[in-house]
Amino acid sequence: MITPSSHRRGCWDIASFLFVLYDMLAIPFMLFDPPEVAFTIVISWVTRIFWTFDIAMCFLTGFITNDGRTETRPRPIAVRYLRGWFMLDIAMVGI
């Protein structure tokens, strides 16, 4: 399990932020039907793969409870994620 304050998770969160920025620019730009070039094909696959792995990372990353403890047991992590962002994440990766 990965603690939410670990260096590994911090690096992953920075990468997530950069991919969100890219998606915020690229997705609206697609409305103009730009030509497909090697860069756009590669980066679209890289982002798809990243967001797919992000779902797995969410199942492996603990969280801070209301009383300040770090929860790292798999079942509570999975339940929290499934009740929270999971459906939106699946929908976004599936598009």
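Me: What radius of gyration does the protein have, and what would a compact globule of 95 residues have?
Reply: Keep in mind that we're looking at a predicted model. The idea is to set the value beside the one from a globule rule based on the number of residues. Here the protein has 16 Å, whereas a compact globule of 95 residues would be near 12 Å. The box along the principal axes goes with that: the C-alpha atoms fill roughly 50 × 25 × 20 Å.

Me: Okay, and which elements is it built from, in what order?
Reply: Read them off from the N terminus: α-α-β-β-α-α. That's 4 helices and 2 strands. Helix α1, for one, covers residues 7-29.

Me: How much of the chain is buried?
Reply: A residue counts as buried under 20% relative accessible area. By that cut-off, buried residues make up 28% of the 95. As for the accessible surface, it comes to about 7200 Å², with 71% of it belonging to carbon and sulfur atoms.

Me: What share of the contacts links residues 24 or more positions apart?
Reply: Take the contacts with a separation of 6 or more; residues 24 or more positions apart account for 65% of them.

Me: Which residues make the nonpolar surface patch?
Reply: To join a patch, a residue needs over 30% relative accessible area. The patch here is made by Ile14, Phe17, Leu18, Val20, Leu21 and Met24, and it's about 590 Å². Take Val20, which is found in helix α1. Its relative accessibility is 36%, so Val20 counts as partly exposed.

Me: Now the charges. How many salt bridges does the structure hold?
Reply: The thing to look for is a side-chain nitrogen of Lys or Arg within 4 Å of a carboxyl oxygen of Asp or Glu. The structure holds 3 of these. In one of them, the side chains of Asp13 and Arg9 meet at 3.1 Å, N to O.

Me: How far apart are Asp13 and Arg9 along helix α1?
Reply: They're 4 residues apart, so about one helical turn separates them.

Me: Which residue does Arg69 meet in a salt bridge?
Reply: Arg69 meets Asp67, at 3.4 Å from N to O. Arg69 is partly exposed at 44% relative accessibility, and Asp67 is exposed at 57%.

Terms used: Residues are numbered from 1 along each chain as its sequence is written. This is a predicted model: local features need pLDDT of at least 70, side-chain atom pairs count only at pLDDT 80 or more; totals for chains, interfaces and linings use all residues. Side-chain values use heavy atoms; hydrogens and water are left out. Patches are made of residues with over 30% relative accessible area and no salt bridge: like charges are joined within 9 Å, nonpolar side chains (Val, Leu, Ile, Met, Phe, Trp, Tyr) within 5 Å. Accessible areas come from the Shrake-Rupley method with a 1.4 Å probe; for residues, only the protein chains shown count as cover. Buried means under 20% relative accessible area, exposed over 50%, partly exposed in between (1.4 Å probe, protein chains only). The radius of gyration is taken over C-alpha atoms; the globule rule is 2.2 Å times the number of residues to the power 0.38. Contact means heavy atoms within 4.5 Å.
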